Amino acid sequence: MKAQIKWIEACSFLGHSGSGHSVIMDGPAESGGQNLGIRPMEMLLLGMGGCTAFDVVQILKKSRQSITDCTVEISAQRAESDPKVFTHIHAHFKIFGYQLTEHHVARAIKLSSEKYCSASIMLGKIATISHDYKIIHVDTNQEK
């Protein structure tokens, strides 16, 4: 896996992934940024969220669960002083589908966080990571 980051100006950088995609990163105004793109630390959270969501959806599909949608809302706290690493990360899953079982959803999240999601496992070496979930039954439109 490879990536390239090129300085544009001030605190703006253009990141190119090895798979051919690009993203603009920028710092906050108080650091000289112009708010032209996502913050690099936000990219870490997005990467973790994308990694675990991918796993959970794949595991539920393989378990023959009728999943129709999945969102992960991530909140994080950082250390007060440099290096301002993440100290706590919480992932809240919203799993939508037909006749989803609590057992399968909980199992998918556990497998992702403990076995498959490289990003979660890596960040978990530094931060405390917690998870919870809400199952939204599409057929009855009721939350469980």
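Predicted model: local features only at pLDDT ≥ 70, side-chain atom pairs only at ≥ 80, totals over all residues.
User: What makes Gly 37 count as buried or exposed?

Analyst: The relative accessibility of Gly 37 is 18%. Since buried means under 20%, Gly 37 counts as buried. This glycine belongs to the loop between β3 and α1.

User: Which residues is Gly 37 in contact with, leaving aside neighbours within four places in sequence?

Analyst: Gly 37 is in contact with Ile 24, Met 25 and Asp 26 once those neighbours are left aside. For Asp 26, the C-alpha separation from Gly 37 is 4.9 Å, although the two residues are 11 residues apart along the chain.

User: How do you know that the span of α1 is close to the expected one?

Analyst: Helix α1 has 23 residues and reaches 33 Å from its first C-alpha to its last. The expected span is 1.5 Å times one less than the number of residues, which for α1 is 33 Å, so the two values are close.

User: Which residues of α1 are buried, and what covers them?

Analyst: The buried residues of α1 are Leu 45, Met 48, Gly 49, Thr 52, Ala 53, Asp 55, Val 56, Val 57, Ile 59 and Leu 60. Their cover includes β4 (66–78), β5, α2, α3 and β6.

User: How does the span of α2 compare with the expected one?

Analyst: Helix α2, residues 102–116, has 15 residues and reaches 20 Å between its first and last C-alpha, close to the expected 21 Å.

User: What makes the buried residues of α2 line one face of the helix?

Analyst: The buried residues of α2 are Val 105, Ala 108, Ile 109, Ser 112 and Ser 113. Viewed down the axis of α2, they fall within an arc of 115°, and therefore they line one face. The face turned away from that buried side carries the exposed residues His 103, Glu 114 and Lys 115. The buried residues of α2 pack against α1 (40–62), β5 (86–98), α3 (118–123) and β6 (128–137).

User: What makes up the lining of the largest pocket?

Analyst: The largest pocket, with a volume of about 350 Å³, is lined by 14 residues, of which Lys 2, Ala 3, His 16, Ser 17 and Met 43 lie nearest its centre. Strands β1 (3–9), β2 (12–17) and β3 (22–26) each supply at least two residues of this lining. By class, the lining has six nonpolar, seven polar and one charged residues.

User: Which residues line the second largest pocket, and how are they classed?

Analyst: The second largest pocket holds about 240 Å³ of space. Its lining consists of Pro 40, Met 43, Leu 44, Gly 47, Met 48, Cys 51, Ala 119, Met 122 and Leu 123. The elements that give two or more residues to this lining are α1 and α3, and α1 gives the most, with six. By class there are eight nonpolar, one polar and no charged residues. Because Gly is classed as polar, Gly 47 in this lining is the polar residue.

User: Which peptide bond is cis, and what is its omega?

Analyst: A cis peptide bond joins Asp 82 and Pro 83, with omega about -5°. Pro 83 is found in the loop between β4 and β5.

Notes. Residues numbered from 1 in each chain as written. Heavy atoms only, no water. Helix = DSSP H or I, 4+ residues; strand = E, 2+ residues; numbered from the N terminus. Buried < 20%, exposed > 50% of the residue type's maximum accessible area, 1.4 Å probe, protein only. Arc of directions from axis to C-beta. Contact = heavy atoms within 4.5 Å. 1 Å grid on protein atoms, 1.4 Å probe; cavity = no way out; pocket = protein on both sides within 12 Å on 5 of 7 lines; lining within 4 Å. Points joined across faces, edges and corners; volume = space filled by probe spheres on them.
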